[in-house]
Amino acid sequence: MHSSTAENTHSSDTESLAIALEHAKEELELVSYLTSHDLQAPLRIILSLCDELNSSTALTTDKETRAILGRITHQAGRMKTLMQGLLDYLRLETFGTAHTMLDVEEIVTVALTILHEQIQAAGAKITHDPLSQIYSHRGRLTRLFVNLIDNALKFHGASQPHIHISARENGMFVEFCIEDNGIGIDEEYHEIIFGLFQRLHPDDTYPGNGIGLALSRKIVESHGGKLWVESAPGKGSRFCFTLPRLKHTT
C-alpha cells in the first residue's frame, strides 16, 4: 500500500513538473514573440522618423537639433541591438538539438570568415593549435567561437591584438581556450561578466549589448560543459570552455 502511494506521488510530481516546464516554455515563446514583433514595431518607426528628420535640410542646418537627432538615432539603434541580442539569447533552442561529430578547425575557419572585417580593422593576428573533432551542434558551436573571438578583438590594448586558440583533451571533454593580449579583467568581475546585460565599460568606449558572454555560457552549458575566464588587468584574458568529445544528450 505504501509503495503504491509513493509511486503515485512520484508520478504526480513528474506530471506537475512537466506541466510547469511546458508553461515556462510557452511564456518564453511569448516574450520572444513580443520582443521580435510588438516591441520592435515602434522602434522601427522611431528609426524611420529619425532618418526622415536627418534628411530634412531645414532641421539639420541647426547644430543643436542635429546633435539631438544624433543622440536619438544612436540610442534607438542601441535599443535595436539589445533587442536582437535578447532574441538570440531567448531563441537558442531554435537552433535545434541536432548534434553530430564536427571538425572544430572547420568551425573556427567559418567564424574567422564571419569576423573578417573586425579582424582586418583591428590588425589582429589569430593562431590556433590542431583542433580535433568533437560531438556538438554546428550552429551553436559556430556562434560560440564567433562570440568569444569577437570579444577578444573588441577588448584589445594598444599593441597588435594576438589571439590564440588552444585545445587539450580532459577526460570525456575537450578543453578549449581563447587567449588574447588585451586589456584584461579584474578578478572580482570574472563571474559577473557572464550575466545577461552585464557590461564593465561604457558604450562609447567598447560598444556591445552585454549578451554575448551570457549566450556563450548558455551554449556551452547546453552541451553539458563549463565556461570560465582567467584574466588580470593589463595581462590579457583566457576564456576556456569544455565540450564533450562524444555524444551528449541535451
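Glu179, Glu230 and Arg238 are linked in a network of salt bridges, and the structure, which is a predicted model, holds 5 salt bridges. The largest nonpolar core has 35 residues, and within the structure there is also a cluster of Phe145, Phe176 and Phe241 that is linked by ring pairs.

**Salt bridges**

- Side chains of opposite charge can pair when their charged atoms come close.
- Glutamate 106 and arginine 138 form a salt bridge in which the closest N and O atoms are 3.2 Å apart. Because glutamate 106 belongs to helix H5 and arginine 138 to helix H7, this pair ties together parts that are 32 residues apart in sequence.
- Glutamate 106 counts as partly exposed because its relative accessibility is 40%, and arginine 138 likewise counts as partly exposed, with a value of 41%.
- A salt bridge also joins the side chains of arginine 168 and glutamate 175, at 3.3 Å from N to O. Arginine 168 is partly exposed at 46% relative accessibility, whereas glutamate 175 is buried, with a relative accessible area of 9%.
- In the salt bridge between arginine 217 and glutamate 191, the closest N and O atoms are 2.4 Å apart. This pair links distant parts of the chain, since arginine 217 sits in helix H8 and glutamate 191 in the loop between E5 and H8, 26 residues apart. Arginine 217 counts as buried because its relative accessible area is 16%, which falls under the 20% limit for that class.

**The largest nonpolar core**

- In soluble globular proteins, nonpolar side chains tend to be buried together.
- Among the 35 residues of the largest nonpolar core, those that touch the most other members are Leu141, Phe145, Ile149, Phe176 and Phe241.
- Two or more residues of this core come from each of helix H5 (104–114), helix H7 (138–154), strand E4 (162–170), strand E5 (173–180), helix H8 (212–222), strand E6 (227–231) and strand E7 (237–244). Helix H7 gives the largest share, with 8 residues.
- Beyond its neighbours within four places in sequence, phenylalanine 176 has contacts that include Val104, Leu131, Ile134 and Phe145, and also Ser166, Ala167, Phe239, Cys240, Phe241 and Leu243.

**Aromatic rings**

- A pair of aromatic rings is described by the distance of the centres and the angle of the planes.
- There are 4 aromatic pairs in the structure. One of them is the edge-to-face pair of phenylalanine 145 and phenylalanine 176, with 6.0 Å from centre to centre and 85 degrees between the planes. Since phenylalanine 145 lies in helix H7 and phenylalanine 176 in strand E5, the pair ties together parts that are 31 residues apart in sequence.
- With phenylalanine 145 in helix H7 and phenylalanine 241 in strand E7, the pair ties together parts that are 96 residues apart in sequence.
- Phenylalanine 241 is buried, at 0% relative accessibility.

- Histidine 190 is placed in the loop between E5 and H8 and counts as buried, with a relative accessible area of 15%.
- Although histidine 190 and valine 229 are 39 residues apart in sequence, their C-alpha atoms are 6.2 Å apart in space. Not counting residues up to four places away in sequence, histidine 190 touches Ile185, Val229, Glu230 and Ser231.
- Asparagine 151 belongs to helix H7 and is buried, with a relative accessible area of 15%. Its contacts, leaving aside neighbours within four places in sequence, are with Leu213 and Phe239.

- Ile46, Ile68 and Ile72 make a nonpolar surface patch of about 220 Å².
- Isoleucine 72 is part of helix H4 (residues 63–90), and it counts as partly exposed because its relative accessibility is 38%.

Conventions:
Residues numbered from 1 in each chain as written. Predicted model: local features only at pLDDT ≥ 70, side-chain atom pairs only at ≥ 80, totals over all residues. Heavy atoms only, no water. Core = buried A, V, L, I, M, F, W, Y, C linked by side-chain atoms within 4.5 Å. Buried < 20%, exposed > 50% of the residue type's maximum accessible area, 1.4 Å probe, protein only. Helix = DSSP H or I, 4+ residues; strand = E, 2+ residues; numbered from the N terminus. Contact = heavy atoms within 4.5 Å. Patch = residues over 30% accessible without salt bridge, like charges linked within 9 Å, V, L, I, M, F, W, Y side chains within 5 Å. Areas by Shrake-Rupley, 256 points an atom, 1.4 Å probe, with all protein chains shown as cover. Salt bridge = Lys/Arg side-chain N within 4 Å of Asp/Glu carboxyl O. Phe/Tyr/Trp six-rings, centres within 6.5 Å; stacked < 30°, edge-to-face > 60°.
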